[in-house]
Amino acid sequence: MRLVLAAVGHKPPAWAETAYEDYAKRFPPELRLELKAVKAEPRTSGKTAPQMMAAEALRLEAAIPKGARRVILDERGARLTTVQLAERLRAWLGEGRDVALLVGGPDGLDPALKASADETLRISDLTLPHAMVRVLLAEALYRAWSVTAGHPYHRE
C-alpha cells in the first residue's frame with residue numbers, strides 16, 4: 001500500500017526536504033510514503049482564486065493513483081490524536097488500497113475536489129507553511145505506523 005502525499009506548492013526549503021525524506025525513508029516496504037508535488041498556479045496570471053484552485057485540482061487529480069482513498073487536509077477536518085490516526089491507518093491498511101492525502105495551495109482546495117473526499121482531516125488549528133505541513137504529516141503518519149506496528153508509545 002502507498003500513502004501518496006499530493007501537495008500543491010513550490011520547492012520547499014532544503015531543511016523541509018531533508019526532514020520529509022528522513023521520515024519517508026523510515027516506512028517499511030509494504031507501506032511507502034510518496035510525495036507528489038504539483039505546481040501552484042501562478043498568482044500573477046489574473047485568474048480568480050476559484051480558477052486557480054480548479055487548475056491545481058486538475059494537477060492533483062493527475063498525481064494521485066486511480067481508486068485511491070482520498071483524504072483531504074483542511075482546517076475544518078477531523079482532529080485526531082496519534083492513537084486515533086493509528087486506528088485510521090490500520091483501517092486503511094485493512095482496505096488494501098492506496099491513500100492519497102491532498103494538500104491545497106495558497107487558496108486551499110477546489111470545492112469539487114473537497115466534495116470527492118472519503119474523509120477530511122486537519123493537521124493543526126494553526127496556519128502553517130506548506131513545507132512544514134509536509135514534514136508534520138510525514139512525522140504523524142510515521143508515528144501512527146509505529147503504533148500500529150506495536151512499537152512503544154510514550155502516551156500509553
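Rings of Phe, Tyr and Trp (its six-membered ring) pair here if their centres lie within 6.5 Å, with planes under 30 degrees apart called stacked, over 60 edge-to-face and the rest tilted. This is a predicted model, so local features need pLDDT of at least 70 and side-chain atom pairs count only at pLDDT 80 or more, while totals for chains, interfaces and linings use all residues. Residues are numbered from 1 along each chain as its sequence is written, and side-chain values use heavy atoms, leaving out hydrogens and water.

By that ring rule there are 3 aromatic pairs, and ring pairs link Tyr23, Phe27, Tyr142 and Trp145 into a cluster. Among them are these two:

| Pair | Centre distance | Plane angle | Class |
|---|---|---|---|
| Tyr23 and Tyr142 | 6.3 Å | 45 degrees | tilted |
| Tyr142 and Trp145 | 5.8 Å | 35 degrees | tilted |

Helices (H or I, at least four residues) and strands (E, at least two) are DSSP runs, numbered from the N terminus. Tyr23 sits in helix 1 (residues 14-24) and Tyr142 in helix 5 (residues 130-148), so their pair ties together parts 119 residues apart in sequence. Tyr142 and Trp145 both belong to helix 5, 3 residues apart, about one turn of the helix. Tyr142 also has the charged end of Arg26 over its ring, 5.3 Å from the centre (the cut-offs are NZ of Lys or CZ of Arg within 6 Å of the ring centre and within 35 degrees of the ring normal).

Now the sheet: 5 strands make an open, parallel one in the order 2-1-4-3-5, where pairing takes at least two DSSP bridges. Strand 2 (32-38) and strand 5 (119-121) are the edges.
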